[in-house]
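The following paragraphs lead the reader through selected features of a structural model. Please consult the sequence and the three-dimensional view alongside the text.

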Amino acid sequence: MKRRDFLRTTVPAAILPTVINGFSVKAFGAESPLVQLLGTTDTDHVLVIVQLNGGNDGLNTVIPIDGYANYFNARSNIALPENKILKLTDKTGLNPAMTGMKALYDEGKLGVVQAVGYPAPNFSHFRATDIWMSASASDEVLVNGWAGRYLNYEFPNFPVGYPNSDMPDPLGIQIGSTTSLTFQGPSVSTGMSISNPTSFYNLLNGIEDPAPNTPAGKELKYVRLVAKQTSQYTSVVKAAAERVTQQSPYPTPNSLADQLKIVARLVKGGLKTRVYMVQYGGFDTHSLQTTTTDTTVGNHANLLKNVSDAIKAFQDDLKFLGVEERVVGMTFSEFGRRIKSNSSVGTDHGAAAPVFLFGKNVVPAVLGNNPTIPANATVNDNIPMQYDFRSVYASLLENWLCVKNADLQQIMLKNFQSLNIINSAACKIVNPNTSGNSYLEIWGSPFTQSTTIKYKTDGGHTLLQIFDTMGRLIKTVLDTELSAGSYTYNFDSGALPAGVYYARLQNGATQQVKAMVKVR
Amino acid sequence: MDRRDFLTAGKAKKAAPVQFASPTRTLSGTSPYAGPWTTNEVIHLLKRTMFGAKKADVDFFSGMTMSQAVDYLLNVSAAQSQPLPPVKDYTNSTDPLDPDNAVLAGQTWVNTNTNDGGINNRRVASLKNWWMGRMINQEKNILEKLTLFWHNHFSTETDVIGRGIWCYQNNAVLRKNALGNFKIFVKEITLDTGMLRYLNGYLNTAGTPDENYGRELQELFTVGKGINNATPPYSEADVKAAAKVLTGWQVNGTTNTSTFSASRHDSTNKQFSAFYGSTIITGRTGATGGDLELNDLLTMIFTTSDVAMNICRRLYRWFVYYDIDAATEANVIAPLAQVFRTNNYDIKPVLATLFKSEHFFDVLNQGCIIKSPIDKIVGLCREFDVQFPVATDYLGNANCWQTLNSLAISFQQNICDPPSVAGWQPYYQEPQFHEIWINSDTYPKRNQFTDQMLLTGYTRGGKNIKIDPVLFAKMMPNPGDPNELISDAVKYLFRLPLQQTSKDQLKKDILLSGQTQDYYWTNAWTAYIANPNDTTNANIVKTRLKDLFQYLMKLAEYQLA
């Protein structure tokens, strides 16, 4: 039970007057000033971020069965045989190597968000990774990370005054090498990196000379801070790890499984750490993504198998350890890959790709439609974005880490759509169900000069955008508050070249993408 | 103020984020430095251009003027930049037919192919051992630190390159060109066997262009991403056009050379964007087509002003400090870039200008670099004059060098295998840069290393390396005086002073074992020198020196250079 719930429901009002000058606790709801004054958001929820470095090929991970002919046509040298695809729904399936995650889906512990990206995608590994980690727009540079901003918001002033009795543990933990941009807060990293929780080393306490106000002094202070931090957190992490002596089996060798095993151990061991991050690389499959004789095996299949097996084992272990209710995970990669394969039996850097969510409290469904694959895909065709990746972050923050909607914008720096990806009871926030309604129609496609876009809104913030196949934002038709109803917009394509364009409507938690084709 | 601010104002929620007082940077520029040239400045110059400042080297350079010292450091002969290649320090293949079996132990393997994957892996290890050895045994010049800089810049990874011979060839290109002409350097690295493999150049053909190298050539190696590191001035179309120019190159696995195949080359004209003056590179056919188009491509790229600015920023972040503020950009980077272009991209004049500048010797720029793992490890071995097996014992040395590489890997720096084509994060990742080297994982490990080097050392293959604290003390001018010994140790090991009270405390607690009279130490030292074989005397001295250095090396000050 959460501390806030505990106070609200079980503490007798009689003991409170000394604290709050006689006001009855019942006078305050969850949103009340009293509860706000209790401090940081109280939750025992944990978020695990799994980074797949290199740009995972989304189309060979989550396969559009309903568009199979075009899919096969676009990438015949690496296309997966239709009869081997692991079906999640009639329309959508997983790579045959992903039996573990297929099982999780069947158990109701896996969600898929289709075609996650952002307007004007960047095709450079480093910049695209920075965009995903910082949750910036494509043309905006942020030097801190989204998890870092969240943790800094919840635990202001960190690291000054930490650890303390409210937060005795590291705010975020990255398993592995250096802490990434994801955890970078406004001034210092909120993440602690560990490779093995049992091999810490005790520091010596000693004399400290004053640090001058020079660059050397700045670095001296930084090193000293890490020194202190390290020694302070070493014991709690080690103690948490030592409390757990039995875990269910993990596959070996599998470096992602090794990392997730440590995460499960520390969660069960009682750390209050909110966010964990693990990394797994090798997804930059420019060549030999599959073998030339069998597309169900090879590099990419091995990578996906390791990811799938590791996450399945992690989920099973969380259940074994009895902490399944507390953990949700997500995967991300800096970009997907091109629709059309190259003749090196690989794929070049692309745009939008699916994101996986796993855990007992995710909505076990495929959110969004399969990407539309053109009948004759060309080398420049990319998958258009359906969901902004920052909407995934915002939804996890709001519906899993229980950040107040009003506070979200300060972390995400902008208002993002709330997606139905987390069990609505997790933070007791109800998501509207809008499935089955058509919100967007194209009247007249193919067209030569102009076409009519008909769209519907349930009222409130409504966004209508036009993208090209490279994911570039051609036009923002509207970005405003509307009252509920149906509207039309006449799209004049002006001097745009012939080709495929996408209209994207977003209204609250709903969005739809429709293709339209300009011909000469 | 929003509601939450108001309600939580009394709880210090949302107070301004903690920020260490913004340090004073400096307005000084590239004018020649005319200030004092004392031991302090010599140590500063050596810690930045070599690995650690060894006492003997400090003495050597103290006999020169500042300008002479810089010139000496930048003067690397052809023989020095093309050292003898790595030798076979591994056992034969179990396959009796493998050609590697013909390579005798202790002779170089770089000219003989192997068909055995296991042998290839051992060759990569051998290459890394060799490189570590080059750094440990560096000559009195900048070559080793600069080679590592170029490796970070033209980053490659052995597991992607695949063949040990190509990994070696890549390293040889870095050394050979380290102080040469950057434009020639870029051409050689473009056609380097290792690089052709690493960034898929060998797969780049007219029918199926592979954009990998065409992109990184511009994004990382030459033009860069602009000052804010986010908005490259070239376009996606330029990436594609460059990829087309670069089609047709392959690696010949028999001769281990790069070759050009005209039939794989895209002979159409390549149109570049307005950033490159809308240049059209004329498509060419025939055996020389690829070479001629590559020349055109580099000529076009090197016409932009971005290349010189980008490289000078990279050099600055490696040799001076990571923070490039507006004043540094205007007073240092821009003038250096001008020198670079005026000298037709010769590297040496840029480095000479930088290292002789008042900016480089500015007190505000001293001591502010956080040592990289390699700097930490190699610098320690050199500063303490750690003894390695005799040079002819190549196996013994290989074992020791491998130990040091393993340590560097655990501190997150694996030479020949940086994390990505962008090199190591501390040289590009804002805002922390060098600070990324130090975190809750690496910091304790770095301390464990200095401890173990003093206590037991590291043993591998029967060879042990460790610090002899007495040897270090003997290098100091007056080790019998505990005050001078501590002051001198601090002077050579640190870049920041310790307060007198701190030094007195160390003297009392460690060298005098809680006593107050200096002669306790002086007598112990004198007795040891008079009779070094007396184990009692030796232990008294050794134990105390060990504790002293253990303490000093664990201070945050020892992480800085």
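Two helices of chain A, α9(A) and α10(A), cross in a right-handed sense. Helix α9 spans residues 255-268 and helix α10 residues 299-321; their axes come within 9 Å and cross at roughly 20 degrees. Because angles under 35 degrees count as roughly parallel, α9(A) is described as roughly parallel to α10(A). On the α9(A) side, the contact is formed by A:L256, A:A257, A:L260, A:A264 and A:K268. The residues contributed by α10(A) include A:V307, A:A310, A:A313, A:F314, A:L318 and A:L321, together with A:N306, A:D309 and A:D317. By class, the residues of this contact comprise 10 nonpolar, 1 polar and 3 charged.

Chain A also holds an open sheet of 3 strands, arranged in the order β2-β4-β3 with antiparallel pairing. Strands β2 (62-64) and β3 (86-87) stand at the edges; each has a single partner strand, so one side of each lacks a neighbour in the sheet. The pairing of β3(A) with β4(A), the latter covering residues 92-94, is antiparallel and extends over 2 bridges. Within this part of the sheet, A:K87 has A:G93 of β4(A) as its bridge partner.

It remains to consider confidence, since this is a predicted model. The model scores ipTM 0.88 and pTM 0.72. For chain B the mean pLDDT is 93, with 96% of its residues at 70 or more.

Terms used:
Residues are numbered from 1 along each chain as its sequence is written. Chains are lettered from A and ligands numbered from 1 in the order in which they are written. This is a predicted model: local features need pLDDT of at least 70, side-chain atom pairs count only at pLDDT 80 or more; totals for chains, interfaces and linings use all residues. pLDDT is the predictor's confidence in each residue, from 0 to 100. Axes are lines fitted to C-alpha atoms, for helices over the stretch in contact, and angles run from 0 to 180 degrees between N-to-C directions. Helices (H or I, at least four residues) and strands (E, at least two) are DSSP runs, numbered from the N terminus. Angles under 35 degrees count as roughly parallel, over 145 as roughly antiparallel, 65 to 115 as roughly perpendicular and the rest as oblique. A crossing is left-handed if the near helix is turned anticlockwise from the far one by less than a right angle, and right-handed if clockwise. Two residues are in contact if their C-beta atoms, placed from the backbone, lie within 7 Å. Ala, Val, Leu, Ile, Met, Phe, Trp, Tyr, Cys and Pro count as nonpolar, Asp, Glu, Lys and Arg as charged, and the others, Gly among them, as polar. Two strands pair if DSSP finds at least two bridges between them.
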